[in-house]
Amino acid sequence: MIGAEVDGKIVGFVIVQIRQSVYKIQTPRTFAYFENIVVDENYRRKGIGTAIFQEAVKLAKEQGATSIELKVWSFNTAAINFYQSLGMSVQSLTMEKTL
């Protein structure tokens, strides 16, 4: 976990998991999965999310990861735009049908 602190208060964090490909049909690889990138609403648009992301990337590289993955809801356009501004692109889509 990587956190951001302002005046003694935790204002953001990300959980970083280093994973290996698990299916035999996949090319063996080591990747970082970023879970729950969060910045307090009162501290957004101040560079905190970018700083957390960059520190997480640094940690991932140190652990041998060759790529990063994360999930984001399709309705969360602000998050999608943020991740794209950091060089991320869509890898896959999760489909659903309400029954």
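This is a tour of one predicted model, stop by stop, with what to select at each stop.

**Before starting**

Residue numbers count from 1 along each chain as its sequence is written. Because the model is predicted, local features need pLDDT of at least 70 and side-chain atom pairs count only at pLDDT 80 or more, while totals for chains, interfaces and linings use all residues; side-chain values use heavy atoms, with hydrogens and water left out.

**Stop 1: the whole chain**

The chain holds 2 helices and 4 strands, where helices (H or I, at least four residues) and strands (E, at least two) are DSSP runs numbered from the N terminus. Read from the N terminus, the order of elements is β-β-β-α-β-α. Along the principal axes, the C-alpha atoms fill a box of roughly 50 × 40 × 25 Å.

Switch to a surface. The accessible surface of the chain is about 7800 Å², and 52% of this belongs to carbon and sulfur atoms; accessible areas come from the Shrake-Rupley method with a 1.4 Å probe, and for residues only the protein chains shown count as cover. Of the 99 residues, 27% count as buried. Buried means under 20% relative accessible area, exposed over 50%, and partly exposed in between (1.4 Å probe, protein chains only).

**Stop 2: the sheet**

Select the strands. They form an open sheet of 4 strands in the order β1-β2-β3-β4, with mixed pairing. β1 and β4 (68-69) are at the edges with a single partner strand each, so one side of each has no neighbour in the sheet. Two strands pair if DSSP finds at least two bridges between them.

Now select β1 and β2, which pair in the antiparallel sense over 5 bridges. Glu5 stands opposite Ile10 in β2. The hairpin of β1 and β2 has 2 residues between the strands, and Asp7 takes a positive phi near 50° in this hairpin.

Move on to β2 and β3, an antiparallel pair with 8 bridges. Ile15 has Glu35 in β3 as its bridge partner.

**Stop 3: the core**

Select Val14, Val16, Phe34 and Ile37. These are the residues with the most contacts inside the largest nonpolar core, which has 20 residues. A nonpolar core is a set of buried Ala, Val, Leu, Ile, Met, Phe, Trp, Tyr and Cys residues joined through side-chain atoms within 4.5 Å. At least two residues of this core come from each of β1 (2-6), β2 (9-20), β3 (30-39), α1 (48-62) and α2 (77-85). The largest share, 6 residues, is from α1.

Keep Ile37 selected and show its surroundings. Which residues is Ile37 in contact with, leaving aside its neighbours within four places in sequence? They are Phe13, Val14, Phe53, Leu70 and Tyr83. Contact here means heavy atoms within 4.5 Å. For the chain as a whole, 47% of the contacts between residues at least 6 apart in sequence join residues at least 24 apart.

**Stop 4**

Most residues other than glycine have a negative phi. Select Asn36 in strand β3. Asn36 is not a glycine, yet has a positive phi of about 60°. Its relative accessible area is 42%, so Asn36 counts as partly exposed.

Next select Arg45, in the loop between β3 and α1. Arg45, again not a glycine, has a positive phi of about 65°. With a relative accessible area of 85%, Arg45 is exposed.

**Stop 5: helix α2**

Select Ile80, found in helix α2. Ile80 counts as partly exposed, because its relative accessibility is 22%. Not counting residues up to four places away in sequence, Ile80 touches Val72, Trp73 and Ser74. Draw a C-alpha distance from Ile80 to Val90: they are 10 residues apart in sequence and 9.2 Å apart in space.

Gln84 is also placed in helix α2. Gln84 is partly exposed at 42% relative accessible area. Its C-alpha atom is separated by 15 Å from that of Ala51, 33 residues away along the chain.

**Stop 6: a surface patch**

Finish with Val22, Tyr23 and Ile25. Together they form a nonpolar patch on the surface, with about 430 Å² of accessible area. Patches are made of residues with over 30% relative accessible area and no salt bridge, with like charges joined within 9 Å and nonpolar side chains (Val, Leu, Ile, Met, Phe, Trp, Tyr) within 5 Å. A salt bridge is a side-chain nitrogen of Lys or Arg within 4 Å of a carboxyl oxygen of Asp or Glu. Val22 sits in the loop between β2 and β3 and is exposed, at 63% relative accessible area.
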